[in-house]
Every structure is written in structure tokens, then in C-alpha cells.
Amino acid sequence: MARVVQKYGGTSLQTTERIRLIADRVIRDQEQSSELVIVVSAMGESTNQLVKLSGEVSSCTSGRETDLLLSAGEQISSALLALAIQERGREAVALTGVQAGIETEDIHGDARITAVHTAKIEKELDAGKIVVVAGFQGCAGNQEICTLGRGGSDTTAAALAAELRADRCEIFTDVDGVYSADPRYISGAKKHTSLDYNHLLTLADLGAEVVHPRAVVHAKEHQIPLVVRSSFHDQEGTNIQHYDRAASPVVGVTFQNGFSRIQVSGEIEEKEILEGLTDAGGLLGKVQLSQRHASIMIKDEYVQEISLLLNKRRNAFGIHSIHHTEGMAAVHVVFGSRDEKRRLAPLLNEKQLVSSGDVYALECHPLVWSAVVPEEHAVGAAQELHDWFMEMESKKASIAL
Ligand code: ASP
Ligand code: MG
């Protein structure tokens with residue numbers, strides 16, 4: 001008998017009508033084979049609504065009371081889904097994160113899962129029940145409820161699948177798989193039928209919102225096959241496992257807003273600047289434009305810290321002036337392998353393919369080539385890069401024929 005963890009996202013549970021449809025689907029899947037543990041997100045936009053409510057009474061956006069408030073969203077979904085399953089004559093039990101044995105760091109708003117105690121879930125599965133767990137939450141050692149950061153229900157599902165030694169972890173969502181780019185913004189995006197953990201992890205880390213990166217880490221570490229698929233139909237989704245070879249030279253294109261560029265000029269000692277900055281974190285990459293200028297790309301939240309650090313060490317670093325520009329975006333191309341990157345990244349640099357603005361090619365990851373453009377050009381640049389590699393793929397395919 002297969003053991004499967006399934007996770008349903010907010011749009012799949014938006015209304016009670018959809019919850020009833022998911023209940024039908026879950027029962028059908030249990031009949032086909034398996035012991036089922038279901039992890040649920042909060043209904044529709046309800047986490048955002050709860051955030052908004054808290055904003056109406058307080059300016060504090062994190063902390064124990066906020067976590068208590070937000071964790072309620074997932075608890076409502078789990079109770080409703082379990083009730084809907086019971087209504088159909090099947091046994092189901094709804095559990096909060098705490099009841100499901102999810103132990104976390106004592107960090108409110110963005111805790112990592114540190115352990116999963118599965119005795120209760122195992123007992124309920126042995127009793128033939130469908131177990132419905134509220135995602136996105138757990139409990140620190142001191143009995144404090146902590147949430148796992150936005151999108152954290154994916155992480156709950158993968159961590160449970162790992163600890164329960166599930167045969168697979170299925171992430172049901174409103175898109176039907178992992179695409180070569182976000183189909184909401186980029187036309188011609190192609191669905192992957194299979195993908196390596198590392199490729200998905202890189203895409204997720206660099207702004208693809210389809211799965212939470214921490215969920216991919218849990219699945220990868222425990223070699224749990226992940227499946228990303230739609231909850232609205234039965235089509236096959238994307239299977240994520242360990243694959244020796246990437247199916248295509250370029251796995252995807254993503255973009256992220258919220259970057260700043262810091263330009264520094266003077267008798268710059270590049271090595272010293274980089275060493276000084278590594279501690280501060282948040283460095284995406286840097287380009288040495290000439291001996292007298294350097295550009296550093298960092299996430300907005302680190303601008304202050306890094307500007308301060310550069311200012312403090314002006315003399316040591318040989319800096320004459322520091323200037324920063326906000327409102328930048330990073331556009332990333334994720335290659336299938338280091339070899340493909342070695343082969344293709346120089347073409348991207350040479351062709352100045354991203355014509356829409358101020359481009360900095362960065363080498364920030366072994367499989368990634370990134371350009372930085374003003375935010376308003378991010379989608380256009382991503383589209384250009386995506387068109388380029390799709391064209392390249394089709395040429396390759398026609399040569400093979
Ligand atoms: N409901 C939470 C959110 O909207 C967690 C999740 O959906 O995974 O971020
Ligand atoms: Mg999500």
C-alpha cells in the first residue's frame with residue numbers, strides 16, 4: 001500500500017464548494033491505493049485578510065499573537081476538509097501543526113521545522129483514517145506556536161513526507177506543474193514533465209513561486225519524489241526527483257523585484273570589499289566595471305546595512321564615492337548543467353540579448369546567469385531571454401530530425 005502526502009493550496013480550498021470537491025478527490029485517491037496525509041493551506045486569500053486585520057489593530061507584523069492569528073487560517077481549512085470527508089462516510093481526523101508533532105525553531109513568522117514527531121499521525125493512519133494537517137505551523141519547545149513563513153504549507157507537507165517515509169509528496173496547486181517561466185507573465189512557457197531537485201531548488205530560490213524552497217530541500221535530503229500538479233484536473237504534473245541529466249540546456253527563466261545597485265568608485269580593492277560584504281549577506285553578485293568603479297547588486301533589505309559598512313570602511317576600501325539606486329530587478333537564466341552554462345552564458349553576454357536597459361551579467365550561482373535591469377523591464381527582459389532559449393531548443397530539435 002502506498003503512503004502519500006498531498007498538499008492543497010489556498011485557491012484549491014477557496015470556497016466550501018471547492019473543499020467538497022477536494023474531499024471527493026481525496027476519497028477517490030485513498031480508494032485507489034493509499035494511506036493519505038493531507039496538508040492544507042488557508043482558504044483563498046484568508047492569510048492576507050488576517051494580515052490586514054492585524055494591521056487594523058496593531059503596527060506589529062510579527063510575533064507570537066500574529067502567529068496565533070495566522071495559524072488559525074490553516075486550522076479552519078483542516079477542520080472543514082475533515083468534516084467534508086466525514087460527511088461522505090469516511091473517517092478523517094483534523095490536526096493542528098502542534099497536534100501533528102511539527103516542532104520548530106522559536107522564531108515567529110519564519111521558523112524552520114526542526115523535528116517531526118509522527119506517533120499520533122501513525123496511530124490515526126493505522127486506524128484507517130485520512131489525516132488532515134494544518135500546514136504552515138508548528139510549535140517551538142516552549143509551547144509557542146510559530147509559523148513557517150509565507151508559502152510554508154509546502155514545507156509542512158515535504159517535512160511530513162520525509163519523516164513518514166512517504167512514497168511521494170504531491171503538491172496540488174492552481175497551475176498544472178513547474179514551467180520554464182511563470183506562465184502568468186511569460187508567453188510560450190513550457191511545462192516540465194520531470195525536473196531534478198537541484199533545478200527546482202534553484203528556480204524556487206530565485207523567485208519561481210510554485211513551491212517553497214525549504215520544501216524542496218526536505219524532499220531532496222530524504223529523496224522523496226515530489227509531484228507538482230493541478231487540483232482542478234487529473235493531468236500529469238511535474239515529477240521532481242534526482243535525475244542525472246537535465247532534459248534541456250536551459251531549465252527556466254525567473255525574475256525577482258526588490259534589488260538595489262550600489263555603485264562604488266575609487267581605488268577599489270575588490271577583494272576587500274567582497275570580504276567585508278560576505279558577512280552582511282544578501283549579496284547577489286558584483287561586477288567590476290573598471291579598476292575605478294564597482295557595482296554591487298543586493299536585495300533592498302540589505303542596502304542600509306551595506307551602505308553603512310562601506311561608509312565605515314571608506315578608507316580601508318579606498319572608496320571615493322558611494323551611490324545607490326533602488327527599483328532594480330534580477331532576471332535569472334537557470335541552466336541544466338555547468339557545461340551548458342559554460343557553452344551558452346558567453347552567448348548571452350556577447351549578444352547583449354537583454355536590450356531593455358541597464359544590464360549587468362552576474363555569475364551568482366554555478367547554474368545561473370543573471371542580469372539586472374530596472375524593475376519595469378523585468379518581465380520584458382525575462383520574455384526576451386525565454387524566447388531566445390525556446391528558439392534555440394526548437395533549432396536543436398529540427399537538427400536532430
Ligand atoms: N497560508 C499561508 C500563506 O498564504 C501559508 C501557505 O499557504 O503555504 O502564505
Ligand atoms: Mg504556495
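Helix 3 (residues 64–87) lies across strand 2 (35–40), strand 3 and strand 6, running at about 160° to strand 6. Contact here means heavy atoms within 4.5 Å; axes are lines fitted to C-alpha atoms, for helices over the stretch in contact, with angles from 0 to 180 degrees between N-to-C directions. Helices (H or I, at least four residues) and strands (E, at least two) are DSSP runs numbered from the N terminus. The model is predicted, local features need pLDDT of at least 70, side-chain atom pairs count only at pLDDT 80 or more, and totals for chains, interfaces and linings use all residues. Residues are numbered from 1 along each chain as its sequence is written, chains are lettered from A and ligands numbered from 1 in the order written, and side-chain values use heavy atoms, without hydrogens and water.

Eight strands form an open sheet of mixed pairing, in the order 3-6-2-1-9-11-12-10; two strands pair if DSSP finds at least two bridges between them. Strand 3 (92–95) and strand 10 (194–196) are at the edges, each with a single partner strand, so one side of each has no neighbour in the sheet. Strand 3 runs parallel to strand 6 (residues 130–134), joined by four bridges, and Leu-95 stands opposite Val-133 in strand 6.

Ligand 1 is surrounded by residues including Glu-74, Phe-136, Gly-152 and Ser-153, each with a heavy atom within 4 Å of the ligand. A polar side-chain atom of Glu-74 lies 2.6 Å from a nitrogen atom of ligand 1, while a backbone N or O atom of Ser-153 lies 2.9 Å from an oxygen atom of ligand 1.

Note on methods:
Polar contact = N/O pair within 3.5 Å; in protein donor to acceptor, adjacent residues only side chain to side chain.
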